[in-house]
Amino acid sequence: MLSLLTAAIFSLLAPEADAGVTQQQFERLQGFSTVLLNHVSKALGTDNLPNAVGLPVEPGVFVTVTADRVQIFDQDVVELSQGRLADTTAADECRSACPAAFFDAFQQSWLEAAIESTVHAVEIPQRVLIAAHSETPAQTMLALAYAAAESRPVSPPSMHLVVSSSRGGLRAQPFFLVPPQGLELRQGSAALGLTVKVSQGTYTVTATDPQFVREHRVRTPAELRRLLAEIKRRYPGKETVIIEPDQNTTVGDVMRGFVGIQSLFPRLVFSVGQPLRTP
Amino acid sequence: MLPVVLRSVAALALVGAASGCQHGTVTANLQNDLAPAQRAANSFVHCIEMNTSHCVQSQDNVGGWDAFYIMGWLGGGSPTSILAALPNELALHGDPTFVQRRFVAEVERYAAPIRGAECDATDLQPIDPLIDQVAVVANERMVRLGLWQGDMTHVMEGLVDEAHESLGGGFLVRLDCAHNPHHVWVATREEDGHHSVVGLTTLLPHFLGGDRASRDDISDRLQSRSLGLASAQATLVSGDVDPWLPFPIEEF
């Protein structure tokens, strides 16, 4: 029996006499984007993803968020109701106060990844991709992102939002998270700390730079773009915008705002309201 | 849970019995309520606790367990790691020496934590239905995710047959432990009336009866030396805003 199995395995892997088939099989085994596309299509439909340009997807832990559940890979881990968690009790270990249900699910997933890494000689993924329905509350998506990041051993992973691109296919929009406990900037660091607070129909723009004295309010993505273009002229070296959505803002709202300003401030950082301080 | 002293006596007796010594009377009295497979599982764990080098017999045929474990991984493991490692895993599975070494390495990885974990066999399931169940789940999942390709039909059939051939009539025994690794599952098989352990895992997929550990237990495991993560440190780059914001502060 072992000999039969061995023959089948080698026929799958490397038959020298049929190199074309072998190469094709190898390429298909490397098809992370195909696996992601298959799963996202079934779980929530690619049309329901937020639209953005993004970058090509690369392998990592993929998370899908629909109105009624969260999946890590293809496993149901948490139930949602209209995209929200019923019990938002925070995990003690989570400094951003992320819900225990999310933290526990990711911690279990990291443990499984760690065990896989010892048995199968693979690396613990350093990338998390979140495919969220565009109507998902942005704060749900961010609570998941913080839970994934804070529960990962050693260091937070790189985070990506799975988006649908007009060029076709799934893409990944990278984003960062303000540290869970907030950020104290060094005096004289010359950081701008540009922040856009998104509430229903209103964008409030602030910054930590003492010279940025005013708080600006605008109502449309087009007005936001004009305002940030003016700020960019004053701070041409800055690349980063922090977006802080309120509880009524959806993932789609956030990405619609970001797409308009992406060419000005391409580095996206999310916050759930942590303080940015300059001593 | 047996008192520590009694467990130590039992362990000594069981190791003696496993190595051919006939001083197993105390052990038999303590364990006579257990099924032979559970007794074999407890003996195996006690053997590990005693740090003997005979826990994994060199003639053990562990290919069936490896086949079962691979199917469990395909049914519940990370698609990312399956994509990265499946071809190599299948190639290695064809090498009996490697398969044997992998089992030994797994036992050695958990030897230290098991030594103080106070593990006892608490449940067992016949493994034949589990082999069929894991094959169905793995097949369905591979198709659904788009991982089913090439000659996978023959590969899966081969894994199922090998698992039945090697593990048939055996059991999957669950051991619950007071400390890390908290749960251990071992596979046993019977040959000439003798039950021996041919596989070990500390993580069983949910669809095979593995349950979610508590947050404390998971934290405990993630920080254990057996996974090698406790001493690992993140790399900090000078000039970056923060480990969470790894880009130059001038651009922030």
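This note goes through a predicted model of chains A and B, point by point.

1. Ground rules. Residues count from 1 along each chain as its sequence is written, while chains are lettered from A and ligands numbered from 1 in the order written. Because the model is predicted, local features need pLDDT of at least 70 and side-chain atom pairs count only at pLDDT 80 or more, whereas totals for chains, interfaces and linings use all residues.

2. Confidence. The predictor gives the complex an ipTM of 0.84 and a pTM of 0.85. Chain B has an average pLDDT (the predictor's confidence in each residue, from 0 to 100) of 81. In chain B, 82% of the residues reach at least 70. Residues 1-30 of chain B are the stretch to watch: pLDDT there is below 50. That stretch still has 39 contacts in the model beyond near neighbours in sequence. A contact means C-beta atoms, placed from the backbone, within 7 Å. Where pLDDT is low, the predicted coordinates should not be read in detail.

3. Chain A. It has 7 helices and 13 strands. These are DSSP runs (helices H or I, at least four residues; strands E, at least two), numbered from the N terminus. Of its 279 residues, 46% are buried, meaning that 20 or more other C-beta atoms lie within 10 Å of the residue's own. Among chain A contacts between residues at least 6 apart in sequence, 69% join residues at least 24 apart.

4. Chain B. Here there are 9 helices and 6 strands. Buried residues are 47% of the 252. For contacts with a separation of 6 or more, 67% come from residues 24 or more positions apart.

5. The interface. Chain A puts 59 residues into the contact, and chain B puts in 52. On the chain A side, elements with at least two residues each include α1 (2-13), α4 (100-120) and β6 (170-177). α4(A) gives the most, with 12 residues. The chain A side divides into 33 nonpolar, 18 polar and 8 charged residues. Nonpolar means Ala, Val, Leu, Ile, Met, Phe, Trp, Tyr, Cys and Pro; charged means Asp, Glu, Lys and Arg; the others, Gly among them, are polar.

6. A helix pair in chain B. The axes of α4(B) (residues 63-76) and α8(B) (residues 152-167) come within 7 Å and cross at roughly 135°. Axes are lines fitted to C-alpha atoms, for helices over the stretch in contact, with angles from 0 to 180 degrees between N-to-C directions. Residues meeting here include B:W65 and B:F68 in α4(B), and B:L159 and B:E162 in α8(B). This contact has 8 nonpolar, 3 polar and 2 charged residues.

Notes:
Contact = placed C-beta atoms within 7 Å. Buried ≥ 20, exposed ≤ 12 C-beta atoms within 10 Å, placed from the backbone.
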